[in-house]
Amino acid sequence: MEEVVKEETRICLYPFLSAASKHVEESGVTLEDLISSAVFERARLRGKERIIEAIKGGAVRKPAIISNAQAEMELLSYPCARILVSCIGDDYLIRRYALSEAKSAHEKILASTGSSSDIIYALSEEFGIRVDFLRLPHEREQEQVQMPFVDYLRFAANLRDKRWKLVNRGLEKGRVKLRKSEFVRIIQEAIYERIKKDLPLDVPADICEAISRYTVDIKKELEEKRKKFGDAGFESGSGFLVKDPSCFPPCISYILSNLKEGVNVPHTARFAVTAFLLNMGLTENEIIETYKNSPDFDEDRTRYQVEHIAGDTGSVRYTAPSCATMRTYGNCVGNDEICEKVSHPLSYYKWKLKLEMKRKKELPGKSKSGEKDQ
Ligand code: SF4
(Lines give C-alpha, C1' and ligand atoms only; values in the text may rest on other atoms or scores of the structure.)
Protein backbone atom coordinates (compact mmCIF):
# COMPACT_ATOMS: atom_id res chain seq x y z
CA MET A 1 0.00 0.00 0.00
CA GLU A 2 2.81 2.35 0.94
CA GLU A 3 4.46 1.63 -2.42
CA VAL A 4 1.25 2.58 -4.27
CA VAL A 5 1.08 5.92 -2.45
CA LYS A 6 4.76 6.46 -3.27
CA GLU A 7 4.24 5.92 -7.01
CA GLU A 8 1.04 8.03 -7.06
CA THR A 9 2.93 10.77 -5.24
CA ARG A 10 5.81 10.69 -7.70
CA ILE A 11 3.59 11.07 -10.75
CA CYS A 12 1.39 13.75 -9.21
CA LEU A 13 4.43 15.80 -8.24
CA TYR A 14 5.84 15.42 -11.77
CA PRO A 15 2.59 15.43 -13.79
CA PHE A 16 4.38 16.13 -17.11
CA LEU A 17 5.90 12.60 -17.07
CA SER A 18 4.68 10.14 -19.69
CA ALA A 19 3.76 7.77 -16.83
CA ALA A 20 1.43 10.49 -15.52
CA SER A 21 -0.42 10.94 -18.83
CA LYS A 22 -0.66 7.15 -19.16
CA HIS A 23 -2.10 6.95 -15.66
CA VAL A 24 -4.73 9.62 -16.48
CA GLU A 25 -5.61 7.85 -19.74
CA GLU A 26 -5.99 4.50 -18.02
CA SER A 27 -8.03 5.93 -15.16
CA GLY A 28 -11.02 6.20 -17.50
CA VAL A 29 -11.71 9.85 -16.58
CA THR A 30 -13.13 11.54 -19.67
CA LEU A 31 -12.70 15.16 -20.72
CA GLU A 32 -16.38 15.68 -20.05
CA ASP A 33 -16.03 14.32 -16.49
CA LEU A 34 -13.05 16.53 -15.91
CA ILE A 35 -14.76 19.75 -16.96
CA SER A 36 -18.27 19.20 -15.65
CA SER A 37 -18.54 16.46 -13.02
CA ALA A 38 -18.93 17.63 -9.41
CA VAL A 39 -16.53 14.84 -8.40
CA PHE A 40 -13.69 16.74 -10.09
CA GLU A 41 -14.46 20.22 -8.80
CA ARG A 42 -11.42 20.01 -6.52
CA ALA A 43 -9.20 19.14 -9.47
CA ARG A 44 -10.57 22.10 -11.46
CA LEU A 45 -10.10 24.49 -8.55
CA ARG A 46 -6.57 23.25 -7.98
CA GLY A 47 -5.94 23.61 -11.75
CA LYS A 48 -6.98 27.26 -11.52
CA GLU A 49 -4.87 27.67 -8.40
CA ARG A 50 -1.79 26.27 -10.21
CA ILE A 51 -2.08 29.03 -12.81
CA ILE A 52 -2.75 31.79 -10.28
CA GLU A 53 0.27 30.68 -8.25
CA ALA A 54 2.33 30.87 -11.46
CA ILE A 55 1.10 34.39 -12.25
CA LYS A 56 1.54 35.71 -8.71
CA GLY A 57 4.71 34.03 -7.52
CA GLY A 58 6.32 32.34 -10.52
CA ALA A 59 6.08 28.90 -8.88
CA VAL A 60 3.49 26.16 -8.44
CA ARG A 61 3.26 24.85 -4.90
CA LYS A 62 4.00 21.16 -4.34
CA PRO A 63 1.65 20.06 -1.55
CA ALA A 64 2.41 17.28 0.94
CA ILE A 65 0.58 14.22 -0.38
CA ILE A 66 -1.00 12.07 2.31
CA SER A 67 -3.44 9.87 0.41
CA ASN A 68 -4.05 8.34 -2.99
CA ALA A 69 -7.26 10.35 -3.36
CA GLN A 70 -5.35 13.59 -2.85
CA ALA A 71 -2.63 12.43 -5.26
CA GLU A 72 -5.30 11.66 -7.86
CA MET A 73 -6.82 15.18 -7.60
CA GLU A 74 -3.40 16.80 -7.70
CA LEU A 75 -2.55 14.81 -10.81
CA LEU A 76 -5.85 15.64 -12.54
CA SER A 77 -5.43 19.32 -11.72
CA TYR A 78 -2.54 19.40 -14.21
CA PRO A 79 -4.63 18.59 -17.34
CA CYS A 80 -7.26 20.99 -15.95
CA ALA A 81 -4.65 23.74 -15.77
CA ARG A 82 -3.51 23.00 -19.33
CA ILE A 83 -7.08 23.28 -20.58
CA LEU A 84 -7.62 26.57 -18.71
CA VAL A 85 -4.36 28.07 -20.00
CA SER A 86 -5.29 26.99 -23.54
CA CYS A 87 -8.74 28.60 -23.34
CA ILE A 88 -7.12 31.90 -22.35
CA GLY A 89 -4.57 31.47 -25.16
CA ASP A 90 -2.17 34.18 -24.00
CA ASP A 91 1.49 33.58 -25.03
CA TYR A 92 2.89 35.28 -21.97
CA LEU A 93 0.67 33.21 -19.67
CA ILE A 94 1.69 29.99 -21.43
CA ARG A 95 5.38 30.77 -20.97
CA ARG A 96 4.95 31.89 -17.37
CA TYR A 97 2.85 28.86 -16.46
CA ALA A 98 5.26 26.39 -18.13
CA LEU A 99 8.23 28.07 -16.51
CA SER A 100 6.61 28.08 -13.06
CA GLU A 101 5.80 24.36 -13.29
CA ALA A 102 9.35 23.64 -14.46
CA LYS A 103 10.91 25.77 -11.71
CA SER A 104 8.85 24.07 -9.01
CA ALA A 105 9.83 20.64 -10.33
CA HIS A 106 13.46 21.81 -10.30
CA GLU A 107 13.18 22.81 -6.63
CA LYS A 108 11.52 19.52 -5.77
CA ILE A 109 14.20 17.49 -7.56
CA LEU A 110 16.98 19.41 -5.81
CA ALA A 111 15.29 18.86 -2.45
CA SER A 112 14.92 15.13 -3.05
CA THR A 113 18.35 14.39 -4.52
CA GLY A 114 20.31 14.90 -1.31
CA SER A 115 20.51 11.22 -0.58
CA SER A 116 19.60 9.62 -3.88
CA SER A 117 19.95 10.16 -7.61
CA ASP A 118 16.97 7.94 -8.54
CA ILE A 119 14.75 10.80 -9.64
CA ILE A 120 17.55 12.24 -11.78
CA TYR A 121 18.05 8.87 -13.46
CA ALA A 122 14.30 8.57 -14.04
CA LEU A 123 14.05 12.06 -15.54
CA SER A 124 17.16 11.55 -17.71
CA GLU A 125 15.53 8.46 -19.12
CA GLU A 126 12.25 10.31 -19.61
CA PHE A 127 13.99 12.96 -21.74
CA GLY A 128 16.27 10.48 -23.54
CA ILE A 129 19.50 11.80 -22.02
CA ARG A 130 22.26 9.20 -21.58
CA VAL A 131 23.82 10.23 -18.33
CA ASP A 132 26.68 8.85 -16.20
CA PHE A 133 27.36 9.76 -12.59
CA LEU A 134 30.98 10.17 -11.51
CA ARG A 135 32.05 9.36 -7.99
CA LEU A 136 34.58 11.97 -6.88
CA PRO A 137 37.40 11.00 -4.55
CA HIS A 138 36.61 11.90 -0.90
CA GLU A 139 32.95 12.53 -1.77
CA ARG A 140 30.24 10.25 -0.43
CA GLU A 141 27.77 11.58 -2.96
CA GLN A 142 28.01 11.19 -6.71
CA GLU A 143 28.42 14.87 -7.40
CA GLN A 144 29.30 15.00 -11.09
CA VAL A 145 27.39 14.04 -14.17
CA GLN A 146 28.48 13.47 -17.75
CA MET A 147 26.09 13.84 -20.67
CA PRO A 148 26.48 13.74 -24.49
CA PHE A 149 27.27 17.20 -25.84
CA VAL A 150 24.44 16.97 -28.42
CA ASP A 151 21.90 16.60 -25.61
CA TYR A 152 23.65 19.37 -23.73
CA LEU A 153 23.37 21.72 -26.72
CA ARG A 154 19.72 20.81 -27.17
CA PHE A 155 18.72 21.69 -23.62
CA ALA A 156 21.22 24.43 -22.70
CA ALA A 157 20.47 26.53 -25.81
CA ASN A 158 18.30 28.97 -23.85
CA LEU A 159 20.65 29.39 -20.90
CA ARG A 160 22.32 32.73 -21.51
CA ASP A 161 24.91 32.92 -18.80
CA LYS A 162 28.53 32.47 -19.96
CA ARG A 163 29.10 29.47 -17.70
CA TRP A 164 26.69 27.44 -19.87
CA LYS A 165 28.62 28.05 -23.09
CA LEU A 166 30.12 24.82 -24.37
CA VAL A 167 33.62 26.38 -24.51
CA ASN A 168 33.44 27.02 -20.77
CA ARG A 169 32.59 23.40 -19.89
CA GLY A 170 34.86 20.40 -19.60
CA LEU A 171 34.33 18.36 -22.79
CA GLU A 172 35.77 14.85 -22.87
CA LYS A 173 35.20 12.34 -25.68
CA GLY A 174 32.01 14.08 -26.74
CA ARG A 175 30.60 14.26 -23.21
CA VAL A 176 30.04 17.37 -21.09
CA LYS A 177 30.81 17.36 -17.37
CA LEU A 178 28.40 19.07 -14.98
CA ARG A 179 27.82 19.24 -11.28
CA LYS A 180 24.73 17.33 -10.25
CA SER A 181 22.87 20.57 -9.43
CA GLU A 182 23.77 21.97 -12.87
CA PHE A 183 22.40 18.87 -14.50
CA VAL A 184 19.15 19.36 -12.58
CA ARG A 185 19.02 22.87 -14.11
CA ILE A 186 19.32 21.24 -17.56
CA ILE A 187 16.45 18.95 -16.60
CA GLN A 188 14.41 22.06 -15.76
CA GLU A 189 14.90 23.25 -19.35
CA ALA A 190 13.74 19.87 -20.67
CA ILE A 191 10.64 20.03 -18.44
CA TYR A 192 9.88 23.60 -19.55
CA GLU A 193 10.10 22.61 -23.23
CA ARG A 194 7.86 19.61 -22.68
CA ILE A 195 5.15 21.56 -20.81
CA LYS A 196 5.16 24.41 -23.31
CA LYS A 197 5.37 22.20 -26.42
CA ASP A 198 1.68 21.54 -27.14
CA LEU A 199 0.24 24.69 -25.57
CA PRO A 200 -2.20 26.11 -26.36
CA LEU A 201 -4.20 22.91 -26.87
CA ASP A 202 -6.96 23.06 -29.42
CA VAL A 203 -9.86 23.25 -26.94
CA PRO A 204 -13.37 23.52 -28.48
CA ALA A 205 -15.18 26.80 -27.76
CA ASP A 206 -18.07 25.10 -25.89
CA ILE A 207 -15.61 23.57 -23.41
CA CYS A 208 -13.95 26.96 -22.85
CA GLU A 209 -17.41 28.40 -22.28
CA ALA A 210 -18.25 25.67 -19.76
CA ILE A 211 -15.19 26.52 -17.66
CA SER A 212 -15.31 30.28 -18.10
CA ARG A 213 -16.03 30.81 -14.38
CA TYR A 214 -12.44 29.67 -13.70
CA THR A 215 -10.83 31.55 -16.58
CA VAL A 216 -12.45 34.85 -15.52
CA ASP A 217 -10.50 34.79 -12.22
CA ILE A 218 -7.27 33.88 -13.98
CA LYS A 219 -7.68 36.70 -16.52
CA LYS A 220 -8.20 39.17 -13.67
CA GLU A 221 -4.92 38.08 -12.02
CA LEU A 222 -3.14 38.28 -15.34
CA GLU A 223 -4.40 41.81 -15.92
CA GLU A 224 -3.27 42.85 -12.42
CA LYS A 225 0.17 41.42 -13.04
CA ARG A 226 0.44 43.25 -16.36
CA LYS A 227 -0.60 46.56 -14.81
CA LYS A 228 1.88 46.16 -11.97
CA PHE A 229 4.69 45.23 -14.27
CA GLY A 230 3.90 48.03 -16.69
CA ASP A 231 3.72 50.62 -13.91
CA ALA A 232 7.00 49.55 -12.38
CA GLY A 233 8.63 49.37 -15.78
CA PHE A 234 10.55 52.51 -16.43
CA GLU A 235 9.99 54.99 -13.71
CA SER A 236 13.38 56.27 -12.76
CA GLY A 237 14.05 57.15 -9.13
CA SER A 238 15.96 60.14 -10.44
CA GLY A 239 12.81 61.34 -12.20
CA PHE A 240 14.55 61.24 -15.57
CA LEU A 241 12.52 62.06 -18.66
CA VAL A 242 12.27 58.42 -19.70
CA LYS A 243 8.87 58.08 -18.16
CA ASP A 244 7.73 58.10 -21.76
CA PRO A 245 9.13 54.85 -23.11
CA SER A 246 7.27 55.51 -26.36
CA CYS A 247 10.41 57.43 -27.37
CA PHE A 248 12.65 54.38 -26.99
CA PRO A 249 14.18 53.16 -30.25
CA PRO A 250 12.62 50.05 -31.85
CA CYS A 251 15.59 47.85 -30.88
CA ILE A 252 15.27 48.65 -27.16
CA SER A 253 11.45 48.43 -27.16
CA TYR A 254 11.68 45.04 -28.84
CA ILE A 255 14.13 43.67 -26.25
CA LEU A 256 12.05 45.09 -23.38
CA SER A 257 8.85 43.62 -24.72
CA ASN A 258 10.54 40.21 -25.04
CA LEU A 259 11.78 40.45 -21.44
CA LYS A 260 8.32 41.43 -20.28
CA GLU A 261 6.78 38.49 -22.13
CA GLY A 262 9.25 36.03 -20.61
CA VAL A 263 11.09 35.34 -23.88
CA ASN A 264 14.72 34.29 -23.47
CA VAL A 265 16.83 37.18 -24.75
CA PRO A 266 20.45 36.80 -26.01
CA HIS A 267 23.31 38.04 -23.89
CA THR A 268 24.23 40.86 -26.31
CA ALA A 269 20.67 42.20 -26.21
CA ARG A 270 20.65 42.07 -22.40
CA PHE A 271 23.86 44.03 -22.32
CA ALA A 272 22.46 46.61 -24.77
CA VAL A 273 19.20 47.16 -22.88
CA THR A 274 20.91 47.32 -19.48
CA ALA A 275 23.50 49.87 -20.66
CA PHE A 276 20.77 51.89 -22.41
CA LEU A 277 18.54 52.03 -19.32
CA LEU A 278 21.51 52.93 -17.10
CA ASN A 279 22.39 55.73 -19.51
CA MET A 280 18.75 56.86 -19.28
CA GLY A 281 19.10 57.18 -15.52
CA LEU A 282 17.15 54.18 -14.28
CA THR A 283 18.36 52.72 -11.00
CA GLU A 284 19.93 49.28 -10.82
CA ASN A 285 16.91 47.92 -8.92
CA GLU A 286 14.55 49.24 -11.58
CA ILE A 287 16.59 47.53 -14.27
CA ILE A 288 16.70 44.23 -12.36
CA GLU A 289 12.86 44.42 -12.24
CA THR A 290 12.75 44.29 -16.04
CA TYR A 291 14.45 40.87 -15.96
CA LYS A 292 12.09 39.29 -13.47
CA ASN A 293 10.06 37.46 -16.12
CA SER A 294 13.10 35.92 -17.83
CA PRO A 295 13.00 32.12 -17.87
CA ASP A 296 16.45 31.85 -16.29
CA PHE A 297 16.08 34.80 -13.88
CA ASP A 298 18.51 34.65 -10.98
CA GLU A 299 18.40 37.84 -8.90
CA ASP A 300 21.98 37.64 -7.56
CA ARG A 301 23.49 36.93 -10.94
CA THR A 302 21.40 39.67 -12.64
CA ARG A 303 22.41 42.16 -9.94
CA TYR A 304 26.07 41.29 -10.41
CA GLN A 305 25.79 41.78 -14.19
CA VAL A 306 23.88 45.07 -13.90
CA GLU A 307 26.38 46.36 -11.35
CA HIS A 308 29.24 45.34 -13.62
CA ILE A 309 27.77 47.25 -16.58
CA ALA A 310 27.12 50.22 -14.25
CA GLY A 311 30.80 50.17 -13.26
CA ASP A 312 30.12 49.45 -9.57
CA THR A 313 32.45 46.46 -9.47
CA GLY A 314 35.51 48.52 -10.37
CA SER A 315 35.11 48.14 -14.14
CA VAL A 316 34.28 51.03 -16.47
CA ARG A 317 30.72 52.22 -16.79
CA TYR A 318 29.53 51.05 -20.19
CA THR A 319 27.67 53.11 -22.76
CA ALA A 320 24.89 51.49 -24.78
CA PRO A 321 26.22 49.95 -28.02
CA SER A 322 25.99 51.92 -31.28
CA CYS A 323 23.62 51.05 -34.12
CA ALA A 324 26.54 49.44 -36.00
CA THR A 325 27.24 47.09 -33.06
CA MET A 326 23.52 46.39 -32.64
CA ARG A 327 23.38 45.40 -36.32
CA THR A 328 26.45 43.17 -36.00
CA TYR A 329 24.77 41.13 -33.25
CA GLY A 330 21.38 41.04 -34.96
CA ASN A 331 19.79 43.31 -32.34
CA CYS A 332 18.74 46.09 -34.73
CA VAL A 333 15.12 45.46 -35.61
CA GLY A 334 13.93 48.87 -36.73
CA ASN A 335 14.16 50.91 -39.81
CA ASP A 336 11.94 53.92 -39.30
CA GLU A 337 12.75 57.45 -40.48
CA ILE A 338 14.57 58.33 -37.25
CA CYS A 339 16.69 55.16 -37.45
CA GLU A 340 17.86 56.34 -40.85
CA LYS A 341 19.15 59.60 -39.36
CA VAL A 342 20.96 58.31 -36.25
CA SER A 343 23.93 56.10 -35.50
CA HIS A 344 23.17 55.46 -31.83
CA PRO A 345 20.04 54.28 -29.94
CA LEU A 346 20.56 57.11 -27.41
CA SER A 347 20.51 59.66 -30.25
CA TYR A 348 17.29 58.05 -31.47
CA TYR A 349 15.76 58.63 -28.04
CA LYS A 350 16.83 62.30 -27.87
CA TRP A 351 15.64 62.95 -31.42
CA LYS A 352 12.26 61.35 -30.87
CA LEU A 353 11.79 63.09 -27.53
CA LYS A 354 12.38 66.47 -29.22
CA LEU A 355 9.86 65.63 -31.95
CA GLU A 356 7.33 64.50 -29.34
CA MET A 357 7.71 67.70 -27.30
CA LYS A 358 7.32 69.78 -30.46
CA ARG A 359 4.24 67.78 -31.49
CA LYS A 360 2.63 68.24 -28.05
CA LYS A 361 3.23 72.01 -28.15
CA GLU A 362 1.58 72.21 -31.55
CA LEU A 363 -1.51 70.25 -30.53
CA PRO A 364 -4.73 72.24 -31.09
CA GLY A 365 -5.88 73.92 -27.88
CA LYS A 366 -2.31 74.42 -26.59
CA SER A 367 -0.43 77.67 -26.60
CA LYS A 368 3.30 77.87 -27.35
CA SER A 369 4.07 77.69 -23.64
CA GLY A 370 2.28 74.33 -23.49
CA GLU A 371 -0.56 75.78 -21.33
CA LYS A 372 -4.13 75.19 -22.32
CA ASP A 373 -5.74 78.13 -24.13
CA GLN A 374 -8.46 79.80 -22.10
S1 SF4 B 1 18.94 51.77 -36.32
FE2 SF4 B 1 19.84 52.02 -34.31
S3 SF4 B 1 18.22 52.92 -33.09
FE4 SF4 B 1 17.24 52.08 -34.90
S5 SF4 B 1 16.60 50.02 -34.27
FE6 SF4 B 1 18.61 49.85 -35.23
S7 SF4 B 1 20.02 49.94 -33.55
FE8 SF4 B 1 18.10 50.70 -32.79
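This is a predicted model: local features need pLDDT of at least 70, side-chain atom pairs count only at pLDDT 80 or more; totals for chains, interfaces and linings use all residues.

**Helix packing and the ligand shell**

Modeller: Helix H13 crosses helix H15 in a right-handed sense, meaning that the near helix is turned clockwise from the far one by less than a right angle. Helices here are DSSP runs of H or I with at least four residues, strands are runs of E with at least two, and both are numbered from the N terminus.

Colleague: Which residues of H13 and H15 make the contact?

Modeller: From H13, Phe 271, Thr 274, Ala 275 and Leu 278; from H15, Val 306, Ile 309 and Ala 310. Contact is counted when C-beta atoms, placed from the backbone, lie within 7 Å.

Colleague: New topic. What surrounds the ligand?

Modeller: The shell includes Pro 249, Cys 251, Cys 323, Met 326 and Tyr 348, where a residue counts if its C-beta atom, placed from the backbone, lies within 6 Å of the ligand.

Colleague: Which elements give two or more residues to that shell?

Modeller: Helices H12 (250-260), H16 (323-328) and H17 (345-361).

Colleague: And overall, how many helices and strands has the protein?

Modeller: The protein has 17 helices and four strands. Of contacts between residues at least 6 apart in sequence, 71% join residues at least 24 apart.

Notes. Residues are numbered from 1 along each chain as its sequence is written. Two residues are in contact if their C-beta atoms, placed from the backbone, lie within 7 Å.
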